[in-house]
Every structure is written in C-alpha cells, then in structure tokens.
Amino acid sequence: MGNPQRDRNPNSLRQAETAMADISKLPRDFVGVLGEIVQKKPEYFADYERLMLKPTTKPVYSIAGNAELGAGLEAYQKCTGLPLYYSIYRRGVRFIFTSVTAVTGPKTHICNLGDAQLAWLRNELASDSKSTTIIAFHAPVFETTWRSEHRESLPFPGSMYLKESAEMRALFAKYSNIKLYVHGHLHHSYGVRDDFGRGEYCLADGVLHISVGATANNRGSSVLFIGTDKITARVRDHAKRQWRDDFEFTLPGKTSLTPVPKD
C-alpha cells in the first residue's frame, strides 16, 4: 500500500478504510505500507492506528516517508512500534524496509536514506546473499518508474527520487538475490506513462521496480504473489474489490521460497 496519508485530502480517511476493508478479505502474510502514513501532524497517527493497525489480524509493516518527517519520526515509531529500518523473513524470503530520514532538493521531495541507514543496508545485504530479497523504500530509484527523473525545473513537487540511487544500483549489481524494489511517493494512476514512457513497472539489471499507487487518491494497491519459480505483482482496486488484470507483471526465476508442506 502506498501513501494512505491522512489528511492529504478530504477523502483520505475513507479511502484508507475502504482499502483495509478489502485487504482484510484477501489471503495474505502481511501488509506493507510504503510511507506517507500521515500528513505532517502527529495527532493523525491515532487515525492510522485506529483504521489500519487495530482491525487487522495479520501484521502491518511500514516505513516512514517524507510526510512522516513533518509529523515526527519519534511519533511514527511510537505509533507503529517499528524501527526506521529492519528486515523480516517470510518462508525463506527476505523483506527489507527502509525509511526516509531527510529530504533534499529545492522542492524537498528527493528522499534520503542517510549514511547510517545506508551502512546498515550494506551490512544487511552482505549477511545473506542467497535468500530472495525485496527492498522497500518510499521513493523510486533515479530513472526507473514514472517521473523518477530530475524535475527541479518543473513545478512543485519537483524531483521525487532516492538521493542514494547510485549506491542502491551498485548494491543491485553486487547482490543478484535482490529481485524487487518497491516504493510509493508518486500518487500516480496505474497505466499512466511519463514523457519517457515510464510507468508503474521497470525491469532493470534483473531487479523489478514497482511504483505503488496512493491509497489517499483511491489508486489501489499492488499485491505480490511469490512462488518458487516466479513473482507476480497484481493490482487491486479496493473500491470495486476487483483485480485489475491489465496491470499484472510476472518476474520469472527461481526464488528461495519454502513451500508449505502438503498433508
């Protein structure tokens, strides 16, 4: 899920509630929320807890986006009970969650990992070069998905990419077990294309980049189906409670998923 972002618009609370009502009916291991949980005010975290954390019977893992900087990273961690960066394993697959710790650029939408988090990420990746790995961050890697190029000459919000994109690409090249990079931040509709033909998916150097639509704008979410020989991303329309099969993408290849034993 990308950008539930209370209170970005008058409908954001309702959109989050609609999304969670639909997600609660789907088989799932967990829900991942890719930043911009709230918009600037720490008191909004109470709504996130009420609508998205308390009702679910499965874990909700999240990261901090640029909007959490305004609301306060300490308040974010208190609400979610999560550190800013961490990894989890599910049935042999590793998920790495990383947060925005600063913003740069004239329009303050370039998202930073920061030195400490980047050092942690390097150590975490070095600790396991075998398990299929999915990295989550709030902003896209430079020049991958929709509008991830340098845009400071254009109107607000300007450039909206990961500051340490070169370092991240070097890690992709070093560790072939990294298969997916997922992010939010851009609030686009599924199916749109920018001036360079970029959309919600980009396959580069063996890594599938997925730009996830914003819940606050009723864009839907991306759902991952991980098998032993492929990973499939499907788009879910929460309002209609339907799959949007025209936006399905499958990345073939062996994974480290541990199959569920048969009876």
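Trainee: Which residues does L180 touch, not counting residues up to four places away in sequence?
Mentor: This is a predicted model, where local features need pLDDT of at least 70, side-chain atom pairs count only at pLDDT 80 or more, and totals for chains, interfaces and linings use all residues. Residues are numbered from 1 along each chain as its sequence is written, and side-chain values use heavy atoms, with hydrogens and water left out. A contact means heavy atoms within 4.5 Å. With residues up to four places away in sequence left aside, L180 touches T133, I134, I135, V207, L208, I210, L224, I231 and L251.

Trainee: Which residues have the most contacts inside the largest nonpolar core?
Mentor: A nonpolar core is a set of buried Ala, Val, Leu, Ile, Met, Phe, Trp, Tyr and Cys residues joined through side-chain atoms within 4.5 Å. Buried means under 20% relative accessible area, exposed means over 50%, and partly exposed is in between, with a 1.4 Å probe and protein chains only. A second, separate core has 19 residues, including I96, V100, C111 and L113. The largest core has 46 residues, and those with the most contacts inside it are F97, L180 and I210.

Trainee: Is L224 buried, partly exposed or exposed?
Mentor: L224 sits in strand β11 (residues 221-226); strands are DSSP runs of E with at least two residues, helices are runs of H or I with at least four, and both are numbered from the N terminus. L224 touches I134, L180, I210, T232 and A233, not counting residues up to four places away in sequence. Its relative accessibility is 30%, so L224 counts as partly exposed.

Trainee: Why do the buried residues of α4 line one face of the helix?
Mentor: In α4 (residues 73-80), the buried residues are L73, Y76, C79 and T80. The arc is taken from the directions from the helix axis to the C-beta atoms. Seen down the axis of α4, the buried residues line one face because they fall within an arc of 120°.

Trainee: Which residues are exposed on the other side of α4, and what covers the buried ones?
Mentor: The cover over the buried residues of α4 includes α2 (45-53), β2 (60-62) and α3 (66-71). On the other side of α4, the exposed residues are E74 and K78.

Trainee: How do F45 and Y76 pair, stacked or tilted?
Mentor: Rings of Phe, Tyr and Trp (its six-membered ring) pair if their centres lie within 6.5 Å; planes under 30 degrees apart count as stacked, over 60 as edge-to-face and the rest as tilted. By this rule there are 13 aromatic pairs. F45 and Y76 are 6.4 Å apart, centre to centre, with 55° between the planes, and the pair is tilted.

Trainee: Which parts of the chain does that pair link?
Mentor: Both F45 and Y76 are buried. The two residues are 31 apart, and the pair links distant parts of the chain: F45 in helix α2 and Y76 in helix α4.

Trainee: Which residue does R234 lie over, and at what distance from the ring centre?
Mentor: A charge sits over a ring if NZ of Lys or CZ of Arg is within 6 Å of the ring centre and within 35 degrees of the ring normal. R236 lies over the face of W243, at 4.8 Å from the ring centre. R234 also lies over the face of W243, at 4.4 Å from the ring centre.
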